[in-house]
Amino acid sequence: MTQTSDNVTWLTQEAYNKLKDELEYLSGPARTEIAAKIAAAREEGDLRENGGYHAAKEEQGKQELRVRQLTQLLQHAKVGEAPADDGVVEPGMVVTIAFDGDEDDTLTFLLASREYASGDIETYSPQSPLGVGVNGKKAGDDAEYELPNGKKATVKILSAKPYTG
């Protein structure tokens with residue numbers, strides 16, 4: 001449940017706590033674990049042909065990137081409440097739309113930043129063309145957005161409910 005405005009990201013308390021816990025794990029126990037993997041691989045000998053060493057170093061790089069991303073995100077985060085259950089599309093809402101008004105051709109997704117992407121529900125950014133098109137609309141409204149090929153598409157908002165994650 002985030003909304004990015006300039007460099008501020010709005011988070012619910014639950015989301016803030018989840019990201020803070022991830023940062024604490026990656027900054028502490030995960031760093032220790034990866035350092036141990038690197039040390040063990042280094043002891044195997046020639047580093048030029050040591051796949052385990054290179055894999056561990058790559059994992060370390062990805063982990064450190066995530067630590068920097070989380071640090072920056074949390075530094076600029078503002079903690080607030082989940083959106084109201086008023087049927088208005090905004091970040092933090094699970095939105096169901098019908099393409100071209102065809103209620104047999106629907107899509108349900110979470111309107112939120114990528115920090116919330118999960119296997120449970122498809123996530124669209126509020127800055128994506130679809131996100132911009134539906135943001136602020138209500139259930140029953142039509143919304144238009146631009147496709148990558150430059151053409152316009154129309155969707156009907158069927159519902160918008162707060163994400164309960």
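This is a predicted model: local features need pLDDT of at least 70, side-chain atom pairs count only at pLDDT 80 or more; totals for chains, interfaces and linings use all residues.
View 1. Asp-105 touches Ile-97, Ala-98 and Phe-99, with residues up to four places away in sequence left out of the count. Asp-105 lies in the loop that links S4 to S5. Its relative accessible area is 37%, so Asp-105 is classed as partly exposed, given that buried requires under 20% and exposed over 50%. Val-155 is 50 residues away from Asp-105 along the chain, and the C-alpha atoms of these two residues are separated by 10.0 Å.

**View 2. Pairing of strands S4 and S5.** Strand S4 covers residues 93–99 and strand S5 covers residues 106–111. The two strands are antiparallel and are joined over six bridges. Thr-96 has Thr-108 of S5 as its bridge partner, and Ala-98 stands opposite Thr-106 in S5. Ala-98 is also among the residues that Asp-105 touches.

**View 3. Pairing of strands S5 and S6.** S5 and S6 run parallel and are joined by two bridges. Leu-111 stands opposite Tyr-124, a residue of S6.

**View 4. The five-stranded sheet.** The strands of this open sheet follow the order S6-S5-S4-S8-S7, and their pairing is mixed. Strand S6 (123–124) and strand S7 (142–146) form the edges, each pairing on one side only. Within the sheet, the S4 and S5 pair is antiparallel, whereas S5 and S6 run parallel. In general, strands of a sheet pair through backbone hydrogen bonds, in either a parallel or an antiparallel sense.

**View 5. Helix H1 and its buried face.** Helix H1 comprises the 15 residues 13–27. At 1.5 Å a residue, H1 should span 21 Å, and its end C-alpha atoms are 21 Å apart, so the two values agree. The expected value is 1.5 Å times one less than the number of residues. Ala-15, Leu-19, Leu-23 and Leu-26 are buried in H1. Seen down the axis of H1, its buried residues fall within an arc of 70 degrees, and therefore line one face of the helix.

Technical notes: Residues are numbered from 1 along each chain as its sequence is written. Side-chain values use heavy atoms; hydrogens and water are left out. Two strands pair if DSSP finds at least two bridges between them. Helices (H or I, at least four residues) and strands (E, at least two) are DSSP runs, numbered from the N terminus. Buried means under 20% relative accessible area, exposed over 50%, partly exposed in between (1.4 Å probe, protein chains only). The arc is that of the directions from the helix axis to the C-beta atoms. Contact means heavy atoms within 4.5 Å.
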